[in-house]
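Let's take a look at the open spaces in this protein. Have the sequence and the 3D view ready as you read.

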Amino acid sequence: MTDYNKAFRLDGKVALVTGGARGIGAAVSEALAQAGASVLVTDVLEATETVASIRKAGGKAEFLKHDVTVEAQWEAAVAAAIAKFGSLSILVNNAGIETAALITQCTVEDFRRVMDVNVTGVFLGHKHAMRVMKPGSSIINLSSVAGIIGTTAHVAYHTSKGAVRLMTKAAAIECAQLGTGIRVNSVHPAIIGTDMGTNFIKHFVELGLAPDFAAAETAIKGLHPMGFGETRDVASAVIYLASDAAKFMNGSELVIDGGLTAA
C-alpha cells in the first residue's frame with residue numbers, strides 16, 4: 001500500500017533551482033526545502049535572502065551566482081550541487097526574462113536575448129544535469145501559458161516559452177527511450193503576483209495599448225476566471241513533479257492558470 005505521506009516528500013533529494021533570488025524561483029526553492037530537499041539556489045542576482053529563509057526554517061541551501069546562458073557556468077553549477085550535497089536529482093529551470101514590443105518594433109537584439117536566456121539556458125540545463133542524474137530524477141521547466149496561447153506585444157516571450165514546452169517533450173521522450181529514468185515535465189503559470197507579472201501589465205500601458213495600469217490590470221485579470229495566482233500555486237506543482245508521486249508523469253504540462261486557457 002502506498003504511503004502518500006512519503007510519496008510527496010523529497011527527503012534525500014538534491015535540487016538546483018535557477019533564478020531563485022526572487023518571485024517564483026524563491027518560492028520554489030523554499031518549497032522544495034520544506035519538502036525535504038537540499039537546494040542549490042542559483043541566479044545572476046544575489047539570492048542570500050532565499051537561502052537565509054530556507055536555513056531559518058531548518059532546511060539546507062547554498063547559493064551560487066550563475067548566468068544560465070554560459071555553458072561553463074552550468075558545468076560549475078552542476079559540479080557545485082554534487083560537491084555541496086553529494087548528487088543532483090531535481091533541476092528546476094526557472095530563470096527567465098521577457099521583453100515587450102510590437103513585432104514590427106521588436107529589435108533583433110532583444111529577441112535574441114530572450115531566446116538566449118529562456119531557451120538556450122534551459123537547453124544547457126538539460127545537457128549538463130542529465131549527464132549526472134540517476135534514475136528517479138526529475139527536470140521541471142518553467143514555461144508559461146504564453147507557451148500555449150498568444151498575446152499582443154510579447155512575441156519573443158511567447159516564442160521562447162513555446163520552445164521550452166516542446167523542448168520538454170523532446171527531452172522527456174529521449175530520456176525514456178534511452179532508459180535513463182529521468183522525467184522531464186513543464187509548468188505553465190498564467191499571471192502570478194510577482195514583479196514579472198506586474199511588468200507584464202505595465203507593458204500594455206507603456207506601449208499605448210491601455211490607458212493606465214488600472215485599466216490594463218482589470219482587463220487582464222478578467223481573462224483569469226479565478227483571478228491572478230500566487231507563487232505558492234506554482235511551487236506546489238513543482239513539488240508534485242519533483243516527487244515520487246509523479247513517477248508516471250513525463251513529457252506533460254501542468255497548467256496553473258486559474259482557468260484562463262479553459263475559457
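## Before you start

This is a predicted model, where local features need pLDDT of at least 70, side-chain atom pairs count only at pLDDT 80 or more, and totals for chains, interfaces and linings use all residues. Residues are numbered from 1 along each chain as its sequence is written, and side-chain values use heavy atoms, with hydrogens and water left out.

## The largest pocket

The largest pocket holds about 1,100 Å³ of space. A pocket here is an open set of points on a 1 Å grid over the protein atoms alone, where a 1.4 Å probe fits, with protein on both sides within 12 Å along at least five of seven lines; lining residues have an atom within 4 Å of a point. Volume means the space filled by probe spheres set on the points, which are joined across faces, edges and corners.

Its lining takes in 46 residues, and Gly96, Ile97, Tyr157, Thr194 and Met196 sit nearest the centre. Helix H7 (195-206) is among the elements supplying at least two residues, and H7 gives the most, with six. Helices (H or I, at least four residues) are DSSP runs, numbered from the N terminus.

Because domain 1 (4-190 + 231-256) and domain 2 (195-228) both give residues to the lining, this pocket lies between them. The domain bounds come from an automatic or database domain assignment.

## The second largest pocket

Next comes a pocket of about 160 Å³. Helices H5 and H6 each bring at least two residues to its lining, which includes Phe123, His126, Met167 and Glu174.
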